[in-house]
Amino acid sequence: MRGAVLYGPRDVRFEERETPKVIKPTDAIIRISATCVCGSDLWPYRGIQPIAQPTPMGHEYCGIVEEVGSAVKSVKPGQFVIGSFFASDNTCLICKIGYQSSCQHAEFVGTAQAPVLRVPLADGTLVPTPEVPSQDLIPNLLTLSDVMGTGWFAADAANVKPGSTAAVVGDGAVGLLAVLSAKQMGAERIIVMSRHESRQKLAREFGATDIVTERGDEGVERIKQLTNGIGADSVLECVGTQQSMMQAIQSTRRGGYVGYVGVPHGVELNGEQLFFAHVHLHGGPAPVRRYLPELIKLVWDRKINPGKVFDMTLPLDQVAQAYRAMDERRAIKTLLRP
Ligand SMILES: [Zn+2]
């Protein structure tokens, strides 16, 4: 088969790779229905997170089970399944309290931009849909593998409650789905920080009530103006830079919550500032597996349409163009079809 391999900054190739097969009895092999490029793929793509050797890419996936190892019990060939970017056993103590992305046996699933994928710990990782979905549901279901689950975790970690005020830092796909998640959890007011018209439009469609175009201290000031001078109850940080993290902490009211899901790059927090900010901080790699059953149901019942973040679809063999379009911000998120 052929799949995506990153060789260095802005050098993604679609090339021959070994077709995955069952290695351990707990593995499943799935035929990918759709995959995509993640905002976090852009860190190594841009050379900000250097790679040591040519690296297969992709960690968002859904598809049909082709084969399972002898120990797999809960999924079977022919089922349509979705899994997280971290395989988890879903039985250890950490999984049981809902932090499957930190499973004691977690394994990163990182070769999904390909037609066939090996998923370890299949019983714990993969969740089947009620039936094989119709084509129009596939983009929605694909988002549950990471981007939607991550936006949902941002809102959950930031303690979004019915009637509360949420602010979202970042208008990438995660930020936009954080808006949708905050809306779904009942936030009354949702402020999104965005400077891009097409993204503002989608944010409004997902439930944003206010747009803030200012950044840094001015952005913080603007959020305070919109929240009786005290800041938002919940701030959802979906970028991962020093500026976005500080913006998030400073836009949160005393006693409020910051949910941070942007993978941090060079973020350093000042202890004294943090002490007097008086906020709850909770974040990290989203425990997507925890949310899969609930989110699959919301998509299946057509209550949410997170797949709208895909504003570009390409055949998998054009994966290099998919990266380029996202790098140049011509696309919010690109879906790839094998
Ligand atoms: Zn576990």
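These are my notebook entries on a few places I looked up in this structure, which is a predicted model.

**Entry 1: helix H11**

I began with helix H11, which covers residues 288-300.

Next I asked which residues of H11 are buried. My list reads Val288, Arg289, Tyr291, Leu292, Leu295, Ile296, Leu298 and Val299. A reminder to myself: an α-helix has 3.6 residues a turn, so residues three or four places apart point the same way.

What covers these buried residues? I wrote down several elements, among them strand S6 (80-82), strand S10 (127-128) and helix H3 (122-125). Helices H4 (138-143), H5 (147-157) and H6 (173-184) are also included in the cover.

I moved on to strand S14, residues 232-237. Five of its six residues are buried, so I marked the strand as mostly covered.

Then I looked at its pairing. Strand S11 (residues 165-169) runs parallel to S14, and four bridges join them. Strand S15 (residues 252-260) also runs parallel to S14, with five bridges between the two.

Ala167 has Val235 of S14 as its bridge partner, and Val235 in turn has Val258 of S15.

**Entry 2: positive phi values**

Most residues other than glycine have a negative phi. I therefore looked for residues that go the other way.

- Asn159 has a positive phi, near 60°. I found this residue in the loop between H5 and S11. Asn159 counts as partly exposed because its relative accessibility is 24%.
- Arg329 is not a glycine either, yet its phi is positive, at about 55°. I located Arg329 in the loop between helix H12 (319-327) and strand S18 (334-337). With 42% relative accessibility, Arg329 counts as partly exposed.

**Entry 3: Arg2**

I turned to Arg2, which is in strand S1 (residues 2-8). Is Arg2 buried or partly exposed? Its relative accessibility is 40%, so Arg2 counts as partly exposed.

What does Arg2 touch, leaving out residues up to four places away in sequence? I listed Phe14, Glu15, Glu16, Arg17, Ala114, Pro115 and Asp317.

I also checked Arg2 against Lys96. They are 94 residues apart in sequence, and their C-alpha atoms are 37 Å apart in space.

**Entry 4: cysteines**

My last search was for disulfides. A disulfide is a covalent bond between the sulfur atoms of two cysteines. How many does the structure hold? I counted zero disulfides.

Cys62 counts as buried because its relative accessibility is 0%. Cys95, at 3%, counts as buried too.

Definitions and conventions
Residues numbered from 1 in each chain as written. Predicted model: local features only at pLDDT ≥ 70, side-chain atom pairs only at ≥ 80, totals over all residues. Heavy atoms only, no water. Expected span 1.5 Å × (residues − 1). Buried < 20%, exposed > 50% of the residue type's maximum accessible area, 1.4 Å probe, protein only. Contact = heavy atoms within 4.5 Å. Pairing = 2+ DSSP bridges. Disulfide = S-S within 2.5 Å.
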